[in-house]
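Student: I am new to this protein and would like to learn how its features get their names. Could you go through them with me?

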Amino acid sequence: MGLFTPALHRQRHQFVIDFVKRKKPKKVLDLGCCECVLLKQLKFHREIELLVGLDIDGVQVKKKMHGLAPISTDYLQPSYDQLRIELYQGSVTEKDARLRGFDLVTSIELIEHLTLADVELFSEVVFGYLTPEAVIVSTPNSDFNPFLPGLVGFRHSDHKFEWTRAEFKSWAMKVCLQYGYEVELTGVGQAPPGQQERVGFCSQIGVFHRLGGKERYNMFDEDAEDVFSYTLLYSIIYPSLHDNNILRRVLMCEVVYWAEKLKRRWIAEETGERDDTYDLCQAEGEGGECFRASERHVDTEETQTAACGAEMKTLVDQEEGDGELFWTPSQPDSDKWRRRVSVPLAVLWCCCPKVSLLSGSVSNLRLLLMDEPRVKLSQDGSAVLLNHQEQDLDDDDEEEHRADFEDSGYAEARQCPPSAEPAEDWEANV
Ligand code: SAH
């Protein structure tokens, strides 16, 4: 078992995640992202709209980067939140305009891999050029090293230095003065009881905040030429309901599903045939309050259907009064009678919370459905027309559904297994 529970690298990442939960940054950049372990956790924090990783070692990044791809639920239940993930190969000692103006930049166990001359460049690039609102820098605290069992020299063979708390503080204060930041010094990995004061945390962390807020960024280098020195390795845009095509697809699924459900409910009422949904409605919600938008979160699907059924009937009666087509036998189709059921959009809108949420208003719903080949609207556009029997769906329609599904990217959705995380040398040895 390691010296720390949870393991130290987990505690460092958790520190960042707790910060993200508190401050809700929209644009986050992880410097020295390596195999994207931290990024893979951050992508679940959907306040983040842009998540970027940078590492000098493209081979490490490419190893596990596909684990950042959306998983099937991201496609099946797209979120309103937007998320773009980008990975770059490049050095923190070089500037690139695409990484400016972030809300948070993290540099977890990176600076000790740089020469001191490169640390100077790092400071200039990160604090002087990228000018993020907040920066989290973690690095080993060498005051703590005597407590690490079996450690000889540095904690990792590639470390160029390991700073005491005083050295880290002196660098941090200089950065603050030079580039207009303030810093809070803290850390993770508690010392043994009674020793914390004397040696501090195993990993020391500086949390920097830019003074002067957002305005300061705009003052910087406005006229400077844009530099692009990094190579883009990976870029993915998560499905979001902000994308009109995705919104329509999700809305369509809901409309088709609910229209069919309401149709069955109505048919059961008209014909006295047994309908499972209806039975459930009777058991759970009939006679109860009619479904209202404000109560959507507490209604079960069944009670909604029951209430909608009642409401639909009312609307239907009114429409019938106006001579509107409803439950009408159409022309005999060879030896089979085909009938159509009309489900008013107003009913769909008020019965199905997701439909109302996605469309916003009945007129919007009509607009969104108008050019939709999978949905037939009545002539005045006020209702969805359904065949009486579901199997009336013809072969062409089925082909279309299949093509839609294949187009939608479901085929590409996959989930990569969780990756093993890199251990520091001394952690591997104890
Ligand atoms: N941040 C990760 C990995 C730390 S290891 C974690 O928390 O686990 C340090 C990483 O910094 C390595 O992946 C290394 O390739 C990268 N690195 C080293 N020098 C760099 C430089 N000049 N620019 C960008 N990344 C660098």
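Tutor: What follows is a short talk about the terms used for this structure and the values behind them. This is a predicted model, in which local features need pLDDT of at least 70, side-chain atom pairs count only at pLDDT 80 or more, and totals for chains, interfaces and linings use all residues. Residues are numbered from 1 along each chain as its sequence is written, and side-chain values use heavy atoms, with hydrogens and water left out.

Student: How many helices and strands does the protein have, and what makes a run count as one?

Tutor: There are 16 helices and twelve strands. A helix is a DSSP run of H or I with at least four residues, a strand is a run of E with at least two, and both are numbered from the N terminus.

Student: Why is P353 called buried?

Tutor: Buried means under 20% relative accessible area, exposed means over 50%, and partly exposed lies in between, with a 1.4 Å probe and protein chains only. P353 has 17% relative accessibility, so it counts as buried. This residue lies in helix α13, residues 353–359. In the protein, 47% of the 430 residues are buried.

Student: What makes strand β2 largely enclosed?

Tutor: Six of the six residues of β2, residues 50–55, are buried, so the rest of the structure largely encloses this strand. L50, V52 and L54 point one way, L51, G53 and D55 point the other way, and all are buried.

Student: How do you know that β2 pairs with β1 and with β3?

Tutor: Two strands pair if DSSP finds at least two bridges between them. Strand β1 (residues 27–31) and β2 have five bridges in the parallel sense, and β2 and β3 (residues 84–89) have six, also parallel. These counts meet the cut-off, so both are pairs. V28 stands opposite L51 of β2, while Y88 in β3 is the bridge partner of L54.

Student: Why is the unit of β1, α2 and β2 called right-handed?

Tutor: A crossover is right-handed if, with the strands pointing away from the viewer, the path from the first strand over the helix to the second runs clockwise. β1, helix α2 (residues 37–42) and β2 make a right-handed β-α-β unit.

Student: Which peptide bond is cis?

Tutor: The bond that joins T5 and P6 is cis, with omega about -15°. P6 is in the segment before α1 (8–23).
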